[in-house]
Amino acid sequence: MRKYILISLLSSSFLLFCNSCAESEMEMKSFTYSKSYHLTSDSIHNGLKVSIEVELPVKFHNKEILTNIQKQIIGKIFSEKYTNLPLDTLAPTYATKLYDDYRADYGAVLEKLSNKSTEAENEIQIEGIALYKDKKILSYSYERYAYMGGETGNSNRYFYNFDLSNGHIITEKDLFIDNYQSSLTELIKQRIVEDNVEIESVADLHEFDFWEDKIKPNGNFYIAEDGLVYVYNSFEIAPYSTGQTEVTLPYNRLKVLMKPDNLISHIYNKKQ
């Protein structure tokens with residue numbers, strides 16, 4: 001009898017262990033590469049520096065979903081034709097392509113100017129990181145910065161939120177009730193006002209160079225512990241000089257617009 005009980009307890013413990021493993025978070029690995037390319041072997045004038053640092057998923061209990069999300073992230077950052085390359089070759093292969101494109105587009109002109117130009121390098125930076133992950137979702141950020149001369153460079157950020165039960169990207173329609181757009185738009189505008197002490201009301205947004213008619217849900221958001229964070233890149237809702245606009249929408253103000261059992265409800269419900 002004792003032997004039977006012991007076997008049962010061991011079996012139960014094993015099943016609990018297996019279930020725990022099956023529900024583990026997706027593991028990420030960082031891949032980095034940096035190289036300065038020169039137009040000629042004896043010159044550093046008008047060269048191109050490429051810096052790449054990306055986190056990619058490398059381990060998950062469901063291999064099909066793991067591969068699916070890997071390919072989606074690689075396709076977004078590098079392009080679809082890179083999805084079958086070994087992960088550790090992605091960054092150097094893509095960096096070489098960026099330089100080949102750079103030479104094709106600018107090489108002839110820059111070589112003529114090389115003796116007159118400064119030694120400052122043009123630059124492309126690529127970063128991909130997991131911003132939030134748990135057993136159910138992965139929120140991922142991709143940022144690309146390019147400086148090709150002039151006073152400043154240009155940076156853009158894009159976000160992809162994955163449902164780890166199937167590998168699909170989570171959209172606004174997965175989270176929000178029907179006809180959410182107008183109410184969500186007003187909340188976004190109000191949060192922009194609240195984040196800028198100089199702006200007294202939504203009616204004053206245009207006086208601070210925001211294009212009020214362009215401010216609306218854009219699907220470019222990431223998931224955080226305390227809320228959804230929408231990001232608007234340069235020229236999207238304001239002039240280039242304004243830069244990116246980041247708007248945090250706390251869950252306690254979003255919940256009225258969200259479906260009761262949406263894909264991220266576990267994040268804010270656990271705090272109640």
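User: Are Tyr251 and Tyr268 buried or exposed?

Analyst: Both are on the inside of this predicted model: Tyr251 is buried, and Tyr268 is buried as well. Across the protein chain, 40% of the 272 residues count as buried.

User: How is a pair of aromatic rings described?

Analyst: Two values are used, the distance of the centres and the angle of the planes. The structure holds 11 aromatic pairs. One of them joins Tyr251 and Tyr268, with 5.0 Å centre to centre and 40° between the planes, which makes it tilted. Tyr251 belongs to helix H6 (residues 251-254) and Tyr268 to helix H7 (residues 265-269), so the pair ties together parts that are 17 residues apart in sequence. Elsewhere, Tyr37, Tyr99 and Tyr102 form one aromatic cluster.

User: How many helices and strands does the protein chain have?

Analyst: There are seven helices and eight strands.

User: What is found at the start of H2, and what follows it?

Analyst: At the start, a side-chain oxygen of Asn62 comes to within 3.1 Å of the backbone nitrogen of Glu64. After H2 comes Ser79, with a positive phi near 135°.

User: Where do nonpolar side chains tend to be in soluble globular proteins?

Analyst: They tend to be buried together. Here, the largest nonpolar core has 34 residues, and Ile52, Val54, Phe78 and Ile126 touch the most other members. Elements giving two or more residues to this core include strand S1 (27-37), strand S2 (48-59), H2 and helix H3 (87-113). The most comes from H3, with seven residues. Another core, of 32 residues, lies apart from this one; among its members are Leu175, Tyr180, Ile192 and Leu228.

User: Which residues is Phe78 in contact with, leaving aside neighbours within four places in sequence?

Analyst: Phe78 is in contact with Ile52, Val54, Leu90 and Tyr94.

User: What share of the contacts with a separation of 6 or more joins residues 24 or more positions apart?

Analyst: The share is 60% in the protein chain.

User: Why does Ser139 count as buried?

Analyst: The cut-off is under 20% relative accessible area, and Ser139 has 0%, so it is buried. Not counting residues up to four places away in sequence, Ser139 touches several residues, including Ile129, Tyr160, Asn161 and Tyr222. With Asn161 there is also a polar contact of 2.5 Å between the side chains.

User: Why does Lys189 count as buried?

Analyst: The same test is applied: Lys189 has 8% relative accessibility, and the cut-off is under 20%. Lys189 is in helix H5 (residues 181-195). Beyond residues up to four places away in sequence, Lys189 touches Val202, Leu205, Glu212 and Ile215.

User: What is the accessible surface of the protein chain?

Analyst: It comes to about 15,400 Å², and 51% of that belongs to carbon and sulfur atoms.

Notes. Residues are numbered from 1 along each chain as its sequence is written. This is a predicted model: local features need pLDDT of at least 70, side-chain atom pairs count only at pLDDT 80 or more; totals for chains, interfaces and linings use all residues. Side-chain values use heavy atoms; hydrogens and water are left out. Rings of Phe, Tyr and Trp (its six-membered ring) pair if their centres lie within 6.5 Å; planes under 30 degrees apart count as stacked, over 60 as edge-to-face and the rest as tilted. Helices (H or I, at least four residues) and strands (E, at least two) are DSSP runs, numbered from the N terminus. Buried means under 20% relative accessible area, exposed over 50%, partly exposed in between (1.4 Å probe, protein chains only). Contact means heavy atoms within 4.5 Å. Accessible areas come from the Shrake-Rupley method with a 1.4 Å probe; for residues, only the protein chains shown count as cover. A polar contact is a pair of N or O atoms within 3.5 Å; within protein, one must be able to donate a hydrogen and the other to accept it, and residues adjacent in sequence count only if both atoms are side-chain atoms. A nonpolar core is a set of buried Ala, Val, Leu, Ile, Met, Phe, Trp, Tyr and Cys residues joined through side-chain atoms within 4.5 Å.
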